[in-house]
Amino acid sequence: MLAMLALAGCGEGGGSVAQTCVPPPAIDQPAAKLSQTGCMSPSDTKTMAASVLPYDVNSPLWSDGADKQRGMALPLGGKIHVKDCTATPAECPQGAADDGKWELPVGTVMVKSFLFDGKLVETRLFVHLDAGTWAGYSYEWDEAQTDATIVADERVELAFDTGQRTVTWHLPNRMDCMTCHTPTGGSTLGPETAQMNRVVGGMNQIDRLAALGVFETAPATPYKAALLDPATSQGTTEERARSYQHANCGFCHRPDDPNFPTIDLRHDVTFKDTKICNVTPERGNQGVPTSLIITPGQPSQSLLVLRMQAPPDDADGKHGRMPKIASYVVDSMAVSLLDSWITSLTSCPP
């Protein structure tokens with residue numbers, strides 16, 4: 001908390017903490033060790049640096065059951081732009097469902113660490129190099145948990161010993177990062193008002209960031225309604241299912257995506273306008289010829305669920321698992337949630 005408050009110099013007036021977590025000098029020159037990036041504390045490499053702002057999200061992206069630690073490092077003086085589709089409709093060509101999306105300034109470094117049983121396996125940096133370029137880098141943690149080493153630009157499968165069990169973990173290649181972190185999806189996937197509207201450490205995260213002066217214009221209060229955590233019992237089954245789809249699918253399945261434009265899984269789109277109910281799939285049927293994307297009352301005839309349980313994609317993407325990238329373990333909670341929701345449907349909206 002004190003470290004975050006010290007960053008008040010990002011706004012008007014006040015002092016500042018030097019931003020140590022910065023992009024590499026060139027896209028092909030990432031630091032060899034995580035400890036050399038400036039993104040981790042020099043006194044404890046497992047902890048993010050004082051100039052990195054920790055945050056959490058309401059509806060997390062599924063990552064094979066790993067726990068996560070998230071942070072963002074903003075360049076000194078850099079400001080977050082928050083889309084306001086009412087005030088500036090031109091910045092939301094795909095409609096109001098993009099309202100509240102955050103655009104991070106050039107020089108931003110997003111930091112995400114993955115853990116099992118409290119032990120770090122990987123830290124990823126997602127870096128805004130220039131106006132048109134983001135790049136992702138993976139660092140693999142050593143057994144002693146003293147540092148992490150840059151991973152070559154290739155997929156790597158690990159047998160990771162947590163001290164309590166052995167977990168199979170997959171390190172992505174750099175193009176894997178860009179497959180999901182697309183410009184149409186907003187490049188960064190988590191930072192948006194509906195995801196960040198949550199209390200952490202006794203204070204709303206957006207209030208805290210607004211107090212630090214990191215927004216061009218802070219989101220208006222009351223903030224956009226928070227996405228529900230799909231793993232809780234809060235809200236209806238449909239609301240939690242739609243929240244899961246938004247976080248895990250909606251950044252690709254949207255009208256302006258070049259690969260998946262025919263359906264729209266963003267949270268604020270009406271169910272009718274998602275174009276998934278009683279709709280014939282365009283790209284295979286997972287061996288169930290009579291399946292539709294959603295068949296009301298029949299999850300076993302609904303491609304939305306079938307793809308979540310398909311074998312992980314091979315190098316040619318032949319199996320059809322969704323989420324498409326970095327999903328090697330079936331999210332049983334989400335499958336059960338989607339099963340329940342589809343079972344409850346008696347018809348499609350008119």
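**Cavities**

I began with the largest cavity, whose volume comes to about 50 Å³. I worked with a predicted model, in which local features need pLDDT of at least 70 and side-chain atom pairs count only at pLDDT 80 or more, while totals for chains, interfaces and linings use all residues. Residues are numbered from 1 along each chain as its sequence is written, and side-chain values use heavy atoms, with hydrogens and water left out.

A cavity here is a set of points, on a 1 Å grid over the protein atoms alone, where a 1.4 Å probe fits but cannot get out; lining residues have an atom within 4 Å of a point. Grid points are joined across faces, edges and corners, and the volume is the space filled by probe spheres set on the points. Searching the whole structure, I found two cavities of 30 Å³ or more. I noted the lining of the largest cavity as Trp62, Tyr244, Met308, Arg321, Met322, Pro323, Ser327, Val329, Val330, Asp331 and Val335. Sorted by class, this lining has eight nonpolar, one polar and two charged residues (nonpolar: Ala, Val, Leu, Ile, Met, Phe, Trp, Tyr, Cys and Pro; charged: Asp, Glu, Lys and Arg; polar: the others, Gly among them).

**Asparagine 248**

I next looked up asparagine 248, which belongs to helix H5 (residues 237–248). Helices (H or I, at least four residues) and strands (E, at least two) are DSSP runs, numbered from the N terminus. Asparagine 248 has 3% relative accessibility and so counts as buried (under 20% relative accessible area; exposed is over 50%, partly exposed in between, with a 1.4 Å probe and protein chains only). A polar atom of the asparagine 248 side chain lies 2.8 Å from the backbone nitrogen of tryptophan 62. Beyond its neighbours within four places in sequence, asparagine 248 is in contact (heavy atoms within 4.5 Å) with Pro60, Leu61, Trp62 and Pro323.

**Two loop residues**

I placed alanine 97 in the loop between strand S5 (81–82) and strand S6 (102–103). Alanine 97 is buried, at 10% relative accessibility. With neighbours within four places in sequence set aside, its contacts are Lys224, Arg266, Asp268 and Val269. I also noted 9.5 Å between the C-alpha atoms of alanine 97 and threonine 270, which stand 173 residues apart along the chain.

Isoleucine 293 sits in the loop between helix H6 (271–274) and helix H7 (303–308). Isoleucine 293 is likewise buried, at 10% relative accessibility. Not counting residues up to four places away, I list among its contacts Ile263, Ile276, Val279, Pro281 and Leu303.

**Aromatic pairs**

I counted five aromatic pairs in the structure. Rings of Phe, Tyr and Trp (its six-membered ring) pair if their centres lie within 6.5 Å; planes under 30 degrees apart are stacked, over 60 edge-to-face and the rest tilted.

Phenylalanine 271 lies in helix H6 and tryptophan 341 in helix H8 (residues 332–344), so the pair ties together parts 70 residues apart in sequence. Phenylalanine 271 is buried at 12% relative accessibility, and tryptophan 341 is buried with a relative accessible area of 1%. My last entry is a cluster of Phe114, Phe116 and Trp169, linked by ring pairs.

Key: Polar contact = N/O pair within 3.5 Å; in protein donor to acceptor, adjacent residues only side chain to side chain. 1 Å grid on protein atoms, 1.4 Å probe; cavity = no way out; pocket = protein on both sides within 12 Å on 5 of 7 lines; lining within 4 Å.
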